[in-house]
Amino acid sequence: MVSRVIPVDPFDLVIFGGTGDLAQRKILPGLFRRFCAGQMPHEAKIIGAARSDIDADGYRDLIRAAIAKFGGEQACGDAQLDAFLARLNYVTIDAKGEKGWADLQKLMAGKGRVEAYYFSVAPSLFGDLAERLQKWGMADSQARIVVEKPFGRDLETARTLNNTLAAFFEERQIYRIDHYLGKETVQNLMAVRFGNMLFEPLWNSQYVDHIQITVAETVGVGGRGEYYDKSGAMRDMVQNHLMQLLCLIAMEPPARFDPDAVRDEKLKVIRALDPVENHHIARGQYQAEPCNEAENPGYRTAVGDPRSRTESFIAMKIHISNWRWAGTPFYIRTGKRMSSRASEITVVFKDTPHSIFGEEAGRHRNVLSIRLQPNEGITLGVTIKEPGPGGMRLIDVPLDMTFADALGSEADDHVDAYERLIMDVIRGNQTLFMRGDEVEAAWTWTDPIIKGWEARHDVPKPYDSGSDGPTDSSEMMRRDGRSWRKGSNEDV
Ligand code: NAD
């Protein structure tokens with residue numbers, strides 16, 4: 001199979017924060033891979049804009065080194081790299097002052113083509129950037145802005161941010177990134193649900209016992225301790241990434257795969273979420289790795305606060321009050337320093353209404369697992385007869401579609417989430433970006449839960465590094481007669 005690459009229109013992309021970590025690790029290596037793939041037209045221009053006092057050549061050197069480090073295996077040779085770097089320019093700019101804006105304006109003047117401004121800076125600078133783009137005549141009706149997470153830390157701050165951006169740009173010009181939506185498997189989730197007749201009739205509380213969403217990391221907070229301790233797993237992961245996954249699993253079929261049709265349906269899911277009772281939540285903080293405390297300290301040491309009450313793990317049982325899902329719980333969990341790195345959605349179907357094979361055949365359930373990482377793919381567990389003589393014994397076997405096996409080299413060409421999302425910005429397609437009302441609805445649901453912890457001074461339970469979180473999490477499942485899936489690679 002040969003993948004089709006459709007070049008985008010010529011564009012000017014300004015990356016505010018173009019010298020920062022995200023720009024170096026994700027944005028520019030991603031753009032280089034799109035250049036190698038032939039998707040970026042030769043007239044495309046990329047302008048780094050940041051505080052560092054370097055010139056365009058200095059910027060090219062910085063990005064050459066970043067691509068060598070983070071560009072991935074698909075990098076396509078020195079000549080291509082030189083050609084890509086020749087498209088880069090740089091301005092030293094102050095988001096809060098006047099320095100550099102006249103230079104940027106000159107670079108952007110009067111080209112009449114797609115103009116995109118990526119705000120890869122702290123959210124506290126979003127308003128300053130928007131205001132100065134307007135002041136310097138760059139916020140015209142064709143301009144697009146891309147804003148990074150976190151989008152607020154509660155409903156009030158998110159609303160303020162939305163209002164600030166709305167003062168300068170229309171909603172159709174604002175692209176709020178949630179890079180989970182750019183992942184290949186996440187989009188495949190929609191293809192599987194809405195492109196096949198097989199699943200949709202069963203996709204409801206009549207046939208689905210429960211759904212699990214797990215996003216587990218083996219790493220700790222690393223160098224992000226200070227930032228992380230102000231947010232925690234709920235703000236950093238649940239309010240955005242896990243919420244988006246839940247929406248895509250639970251939403252009604254949109255009439256069309258277009259931005260507002262998809263986002264309207266996601267919004268309805270968020271608005272139908274029940275408040276979560278405290279005994280349906282497990283919060284935890286990882287402990288130091290025994291015998292390796294210096295390298296892998298516990299959470300409180302890592303963030304430098306021996307009394308921190310921020311969670312590095314959370315598991316919750318969520319109910320969606322609508323006709324499709326009433327009675328089917330969604331269990332979600334995410335955490336750091338867990339036993340394995342895995343992002344997976346598991347749909348556990350109900351038992352057959354009656355077993356014609358008798359009690360001894362045991363209980364067998366169909367389980368659909370959608371793996372986001374590692375080994376992106378989809379597995380459906382089906383029940384068959386165990387081969388050989390000796391009566392009717394049943395076993396579960398996986399129908400496995402690991403993308404790398406099924407699609408060969410095409411799967412190896414998987415586009416990183418950031419590459420896809422930036423190209424979508426250039427194409428003007430907002431389907432995989434969060435709308436302002438969606439973000440506010442997500443905070444409306446999250447806020448009372450966080451405020452409850454704060455009011456009660458809740459302390460997360462300790463859990464061992466390399467475990468599956470605090471015992472409260474497995475206990476929550478056990479009370480419901482269920483258990484967390486071990487992961488489709490190990491257990492179908
Ligand atoms: P960073 O601290 O590494 O880089 C910040 C950039 O902003 C630098 O280029 C700096 O020069 C520029 N900057 C700072 N103050 C400025 C000013 N007054 N005027 C102009 N430029 C200024 O930050 P980062 O890790 O690259 O993160 C950038 C944004 O992306 C943040 O909103 C962050 O929350 C978000 N984000 C980062 C990651 C990541 O992996 N790094 C992941 C998700 C989201």
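These legends describe close-up views of one predicted model.

**View 1. Helix α6 packs against helix α14.**
Helix α6 spans residues 155-166, and helix α14 spans residues 436-456. Angles over 145 degrees count as roughly antiparallel, so α6 is roughly antiparallel to α14. The crossing of α6 with α14 is left-handed. On the α6 side, the contact uses L155, A158, R159 and N162. On the α14 side, G436, V439, E440, W443, T444 and D447 take part. By class, the contact of α6 with α14 holds four nonpolar, three polar and three charged residues.

**View 2. Helix α9 also packs against α14.**
Helix α9 covers residues 259-271. The axes of α9 and α14 come within 9 Å and cross at roughly 15°. Angles under 35 degrees count as roughly parallel, and α9 and α14 are therefore roughly parallel to each other. The crossing of α9 with α14 is left-handed. From α9, the contact draws on R263, K266, L267, I270 and R271. From α14, the contributors are D437, E438, A441 and A442. The contact of α9 with α14 divides into four nonpolar, no polar and five charged residues.

**View 3. Strand β10 is covered on both faces.**
Strand β10 runs over residues 330-335. Six of its six residues are buried. One side carries F330, I332 and T334, and the other carries Y331, R333 and G335. Both of these faces are covered.

Strands of a sheet pair through backbone hydrogen bonds, either parallel or antiparallel. Strand β7, residues 208-216, pairs with β10 in the parallel sense. Six bridges link β7 and β10. I213 has I332 of β10 as its bridge partner. Strand β9, residues 313-318, runs antiparallel to β10. Six bridges join β9 to β10. I318 has F330 of β10 as its bridge partner. Both F330 and I332 belong to the side of β10 that also holds T334.

**View 4. Six strands form an open parallel sheet.**
The strand order is β3-β2-β1-β4-β5-β6, and the pairing is parallel. The edges are β3 (88-92) and β6 (174-176). Each edge strand has a single partner, so one side of each is left without a neighbour in the sheet. From one strand to the next, the twist averages 20°.

Strand β5 spans residues 143-147. Three bridges pair β5 with β6 in the parallel sense. V146 has Y175 of β6 as its bridge partner. Helix α2, residues 56-70, packs on the sheet and touches β2 (45-50) and β3. The direction of α2 makes about 115° with that of β3.

K149 and P150 are joined by a cis peptide bond, with omega about 5°. P150 sits in the loop between β5 and α6. Q373 and P374 are also joined by a cis peptide bond. For this bond, omega is about -10°. P374 sits in the loop between β12 (367-373) and β13 (377-385).

**View 5. C291 has positive phi and is exposed.**
Phi of C291 is near 65°, a positive value in a residue other than glycine. C291 lies in the loop between β8 (281-286) and α10 (299-303). Its relative accessibility is 87%, so C291 counts as exposed.

R337 lies in the loop between β10 and β11 (342-349). Buried means under 20% relative accessible area. R337 has a relative accessible area of 12%, so this residue is buried.

Conventions. Residues numbered from 1 in each chain as written. Predicted model: local features only at pLDDT ≥ 70, side-chain atom pairs only at ≥ 80, totals over all residues. Heavy atoms only, no water. Axes fitted to C-alpha atoms, helices over the stretch in contact; angles between N-to-C directions. Helix = DSSP H or I, 4+ residues; strand = E, 2+ residues; numbered from the N terminus. Parallel < 35°, antiparallel > 145°, perpendicular 65-115°, else oblique. Left-handed = near helix turned anticlockwise from the far one by under 90°. Contact = heavy atoms within 4.5 Å. Nonpolar A, V, L, I, M, F, W, Y, C, P; charged D, E, K, R; others polar. Buried < 20%, exposed > 50% of the residue type's maximum accessible area, 1.4 Å probe, protein only. Pairing = 2+ DSSP bridges.
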